[in-house]
Amino acid sequence: MGGQTRASTGLVELRDLRLAVIASQHRSLRQAAEAINIRQSTLSRRLRDLEYCLGSVLFERTNGGTRLTLAGREFLASVRHILGETDGAVRRLQARSRGENGRLSIGIYASLSTGNLFATLIEHHRQHPAVEIHTVDGGHDQLQCALSDNSVDIAIMTASRSGWDDRMLPLWSERVIAAIYTDHPLANNDLIYWSELAGEPILLPQYGPGPELERMLIAQLRDYGPQRLIRQESGLDRMLSLAAANYGVLLMLEGGTGVRHEGLVYKEVHNGDGPTRLNFAAYWREANGNPTLAPFLALLRQRYPDLSGARGPD
């Protein structure tokens, strides 16, 4: 080996380690070279260069073929482990850069026990099971602040009062629902008109869609005088319990109707034009660099194509 003139840096390249592993899997260098479609002379030279860098003979070359020396067997056993770890790390990194694993933080404005967001999350998990979903509750102002400081990657909120100057994708609409105690006189109605809620005690969430539902209620019943509003900081499950105990009629969105509660019925709230609805949109920052965001946005665009042209600033 003294005549070899490999660069004196002594650095070993992964490429040559891979060639050594491949060569060890065949009975001759000719077969190994054919398997990877390179010249036998090129393979032989690279293996000798590798041995020169290592200062050890890995292969015993005879007229009958090539086989590993004892040192070669021990060395390549470690090399296979190193290459396996390296390949795994590369695959994980590539998958992360494609958004196939990692963590996606979603700002949630209303319940997702059923409806479009629930269905979207099911499909996203089917397509990207290695992505961890982290949800954050909040109102418009809270979630917009969270978007701005990268606490959340995307927020799904109503589109009625945005104040957002970055990216937005219009999505679906949800009906306004009244959760009513089963023995309440309104429980037998097929649907509820706003005027029928005049004078009723109304349970409203303090956060999420609560303020919008309150503004809507006041606008619809402005001719009926002040209304009895019972604002709650509790989650949906406890508010449903209060409604089931006949403390008041709970106003909510249809995404929460997947939570079934004994003693309650759900009724659509109508105005003169039909069911009352709130429109939803996705909000995110163009500068967000989380790779898991792009596949989620692609799924939203696939399921809910934006036909309005209201994409938000580019």
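**Close-ups of a predicted model**

**View 1. Helix α2 against helix α3.** On the α2 side L29, R30, A32 and A33 touch Q40, L43, S44 and L47 of α3, contact meaning heavy atoms within 4.5 Å. By class, that contact has five nonpolar, two polar and one charged residue (nonpolar is Ala, Val, Leu, Ile, Met, Phe, Trp, Tyr, Cys and Pro; charged is Asp, Glu, Lys and Arg; the others, Gly among them, are polar). The axes of α2 (residues 29-36) and α3 (residues 40-54) come within 8 Å and cross at roughly 110 degrees, so α2 is roughly perpendicular to α3 (65 to 115 degrees counts as such). Axes are lines fitted to C-alpha atoms over the stretch in contact, with angles from 0 to 180 degrees between N-to-C directions.

Residues are numbered from 1 along each chain as its sequence is written, and side-chain values use heavy atoms, leaving out hydrogens and water.

**View 2. The β1-β2 hairpin.** Strands β1 (residues 59-62) and β2 (residues 65-68) run antiparallel, joined by four bridges; pairing takes at least two DSSP bridges. Two residues sit between the strands of this hairpin, and E60 stands opposite R67 in β2.

Terms used. This is a predicted model: local features need pLDDT of at least 70, side-chain atom pairs count only at pLDDT 80 or more; totals for chains, interfaces and linings use all residues. Angles under 35 degrees count as roughly parallel, over 145 as roughly antiparallel, 65 to 115 as roughly perpendicular and the rest as oblique.
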